[in-house]
Amino acid sequence: LKKRLLVLTTTFQRWPGDNLPRFVDDLCEQLQTDFNVTVLAPHHPGSPLNETLRSGIDVQRFRYLPDRFETVAYGDGILGNLRHCPWRALALPFFLMGMFIAARRILKNHDFHAVHAHWLIPNALIALLARHSSGKRRLPLICTIHGSDFNGLNGIGFQQLRSMVLSRSAAVTCVGKHLLNDAATLTPAVTSRLHWLPMGIDMRERFQPHPEVPRNGLLCVTRMVPEKSVITLLQAMP
């Protein structure tokens, strides 16, 4: 029998053909080969609360406010959404409490072999709290650092929270080497549990270039947001 894995994420497809980045979706589909994957993600107006994808992934979405106010996640991401519309911070406590209640309930009612949380804050932090309050303290937690969770939240309080999450995680994967170095500097005691593991892409079908496409250019695949530094790339091209 395949082991059961709970994935906590704030980015996941809301409906077929969604234009959100698919890196968490693709990873879960690959993990589904060896695990029974359950995804816990925020609800969004128009998305089902519960569904089973064709890949077999069980997706559960938590509510935190009426539809019109569920605008904390998705779009430009939590930090980007708050930056563009500061009033959304009013919904943040409800968002965090909704995630915690949903994670606690699912951990209490089902047996999992591990939890994988994408982003240290808030997801991995909430996973730790939910694990503790549900009586599943020994359940291994694997967290993935994507960047905004490490570099986008500053201040000594956030540093302490990050250090706490890192020290209580069974394993930590970092999508970039600079994140690996930053995490090791912040919490040297967990260095042996840190792993550089970029998010994978499908090189067999989805990203196979056509043989007639010229190879003397540069292809940049990213979201057009300031933190991706596309301007720096363009300035470097000459």
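## About the model

This is a predicted model, in which local features need pLDDT of at least 70, side-chain atom pairs count only at pLDDT 80 or more, and totals for chains, interfaces and linings use all residues. Residues are numbered from 1 along each chain as its sequence is written, and side-chain values use heavy atoms, leaving out hydrogens and water.

## The sheet

Let us start with the strands. Eight-stranded and open, the sheet has the order β3-β4-β2-β1-β5-β6-β7-β8, with mixed pairing. Here helices (H or I, at least four residues) and strands (E, at least two) are DSSP runs, numbered from the N terminus, and two strands pair if DSSP finds at least two bridges between them. At the edges stand β3 (50–52) and β8 (194–196); each has a single partner strand, so one side of each is left without a neighbour in the sheet. From one strand to the next, the twist averages 20 degrees. Axes behind such angles are lines fitted to C-alpha atoms, for helices over the stretch in contact, and angles run from 0 to 180 degrees between N-to-C directions.

## Helix α1 and the crossover

From β1 the chain passes through helix α1 (residues 23–31) to β2, making a right-handed β-α-β crossover. Right-handed means that, with the strands pointing away from the viewer, the path from the first strand over the helix to the second runs clockwise. The helix α1 lies across β1, β2 and β5 (114–118), at about 160 degrees to β2.

Which residues of α1 are buried? They are V24, D25, D26 and C28, where buried means under 20% relative accessible area, exposed over 50%, and partly exposed in between (1.4 Å probe, protein chains only). The buried residues of α1 pack against β1, β2 and β5. Strand β2 is mostly covered as well, with 6 of its 8 residues buried.

## The nonpolar core

In soluble globular proteins, nonpolar side chains tend to be buried together. In this model the largest nonpolar core holds 58 residues, and V39, L120 and I145 have the most contacts inside it. Such a core is a set of buried Ala, Val, Leu, Ile, Met, Phe, Trp, Tyr and Cys residues joined through side-chain atoms within 4.5 Å. Helix α4 (residues 120–133) supplies the largest share of this core, 8 residues.

Beyond its neighbours within four places in sequence, L120 is in contact (heavy atoms within 4.5 Å) with partners including L125, C143, I145, F150 and V165.

## Cysteines

A disulfide is a pair of cysteine sulfur atoms within 2.5 Å, and by this rule the count is 0. For C28, the nearest cysteine sulfur belongs to C143, 15 Å away. The sulfur of C143 has its closest cysteine sulfur in C174, at 8.0 Å, which is too far for a bond. C28 counts as buried, at 1% relative accessibility, and so does C143, at 0%.

## Backbone spots worth a look

The peptide bond from I121 to P122 is cis, with omega near 10 degrees, and P122 is found in helix α4. W119, in the loop between β5 and α4, has a positive phi near 80 degrees although it is not a glycine; this residue is buried, at 11% relative accessibility. S229 is also a non-glycine residue with a positive phi, about 55 degrees. S229 is in the loop between β8 and α8 (230–236) and is partly exposed, with a relative accessible area of 38%.

## An edge-strand residue

L194 belongs to strand β8 and is buried, with a relative accessible area of 9%. Setting aside its neighbours within four places in sequence, L194 is in contact with V172, L180, A183 and A184. How many Å separate L194 and H210, C-alpha to C-alpha? They are 37 Å apart in space and 16 residues apart in sequence.
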